[in-house]
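Thanks for asking me to look this one over with you. Have the sequence and the model open side by side as you read.

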Amino acid sequence: MPMFYSSRFLFFFTIVPLLVSIALYQLDTFDPAPVPSEAYASSTTSIPPLISDKYLTGAEFIGVGLLDKPEDIAYHQDSNLIYTGCIDGWVKRVSVHDSANDSVVEDWVNTGGRPLGIAFGVHGEVIVADAYKGLLNISGDGKKTELLTDEADGVKFKLTDAVTVADNGVLYFTDASYKYTLNQLSLDMLEGKPFGRLLSFDPTTRVTKVLLKDLYFANGITISPDQTHLIFCETPMKRCSKYYISEERVEVFTQSLPGYPDNIRYDGDGHYWIALPSGVTTLWNISLKYPFLRKLTAMVAKYGVDLMFMENAGVLQVDLDGNPIAYYHDPKLSHIATCDKIGKYLYCGSLSQSHILRLDLLKYPAQNKKL
């Protein structure tokens, strides 16, 4: 009898669940693809000589409780205001002061979607890449919101992400995925297929043009100071690339980053700042290498369990050629989405926090040391 019950217990509580799991795996239509090996290959080529691994030690919090996941930030020098988009649809304005406690947060315009990328147009307008609405133009000090474009080549944007404006007024932006929306972001990463696009919109001709397609989650974008090329990020590939506008060609700008890049900003002083929402994790590296693990992760995610842990976020400073200069990070930090250097401070938006982080770069400089 004990052997009988033991065998029955083994069958119903071990073998049956295993068979059910195999059946569910086979029936699930989610089909991850192999990704290029550079996505999970180990390298230290992008580790700079200057390191600060205590970002949170010196960080100040601005607009605590008044900014719900302020993803991107853009500084308007004339008004001394930071514009940022929040998850509740609000584009908010934050005054900049020497003391973080003196900053005032203002509800400015609600897009009715999820404002992500923010840039300033040549005529004073605010350009917003809204994840759900498309590319928006907000003018008249917030009184008018106009949809500029929400599709290209007959394909609707699913995740309008980041935007930059050239001196001639042309808007360059990314559609991170034409298959998945923002709330399905993890599925895009897990599927491992290039659904991202780099696009332009000419306000004069009203033409939307696809410059590049088949990108792996096309994310942050900025234009070079000489206006000859764009630099855009592909998050899961841990790289940023150049797109030469006149020549219509692409080359790698910087790669093998110590984390997964989101937004990138030029500081007007010969440097780019790349936000890394998470450092490279062993679990994610292994998952990228093996599609079946990503499928299992996606199946679990359907039940509300997120296995895509984010940690050790930071900011990487590089020069105009993509050479790493300084790396500010913290093992306890996650979800840093953007960074903008304003004076001696580095201001960072977040995908998870209810504030903007500010770091005094003179008081807490990166120093010569190894990770």
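1. A word on the basis. This is a predicted model, in which local features need pLDDT of at least 70, side-chain atom pairs count only at pLDDT 80 or more, and totals for chains, interfaces and linings use all residues. Residues are numbered from 1 along each chain as its sequence is written, and side-chain values use heavy atoms, with hydrogens and water left out.

2. Start with the largest nonpolar core, which has 19 residues. Such a core is a set of buried Ala, Val, Leu, Ile, Met, Phe, Trp, Tyr and Cys residues joined through side-chain atoms within 4.5 Å; buried means under 20% relative accessible area, exposed over 50%, and partly exposed in between (1.4 Å probe, protein chains only). Leu159, Leu190 and Trp284 have the most contacts inside this core. At least two of its residues come from each of helix H3 (185–191) and helix H4 (282–289); helices (H or I, at least four residues) and strands (E, at least two) are DSSP runs, numbered from the N terminus. Another core, of 17 residues, lies apart from it and includes Ala275, Ala313, Ala326 and Leu361.

3. Beyond residues up to four places away in sequence, Leu190 touches Phe30, Pro32, Trp284, Arg294, Thr297, Ala298 and Met308, where contact means heavy atoms within 4.5 Å.

4. Next, the rings: there are 10 aromatic pairs in the structure. Rings of Phe, Tyr and Trp (its six-membered ring) pair if their centres lie within 6.5 Å; planes under 30 degrees apart count as stacked, over 60 as edge-to-face and the rest as tilted. Phe157 and Phe173 are edge-to-face, because their ring centres are 5.4 Å apart and their planes stand at 70°. Phe157 sits in the loop between strand E12 (155–156) and strand E13 (160–165) and Phe173 in strand E14 (residues 171–175), so this pair ties together parts 16 residues apart in sequence. Phe157 counts as buried at 8% relative accessibility, and Phe173 counts as buried at 0%.

5. Trp273 and Tyr328 make a tilted pair, 6.2 Å centre to centre with 35° between the planes. Trp273 belongs to strand E22 (residues 271–276) and Tyr328 to strand E24 (residues 324–329), so to speak distant parts of the chain, 55 residues apart. Both Trp273 and Tyr328 are buried.

6. Which helices pack at an angle of about 115°? They are H4 and helix H5 (residues 291–301), with axes 5 Å apart; axes are lines fitted to C-alpha atoms, for helices over the stretch in contact, and angles run from 0 to 180 degrees between N-to-C directions. H4 and H5 are therefore roughly perpendicular (angles under 35 degrees count as roughly parallel, over 145 as roughly antiparallel, 65 to 115 as roughly perpendicular and the rest as oblique). Ile286, Ser287, Leu288 and Lys289 of H4 meet Pro291, Leu293 and Arg294 of H5.

7. Finally, two backbone details to check. Arg206, in the loop between strand E15 (196–202) and strand E16 (207–215), has a positive phi near 65° without being a glycine. Glu248, also not a glycine, has a positive phi of about 55° and is found in the loop between strand E19 (239–244) and strand E20 (249–254).
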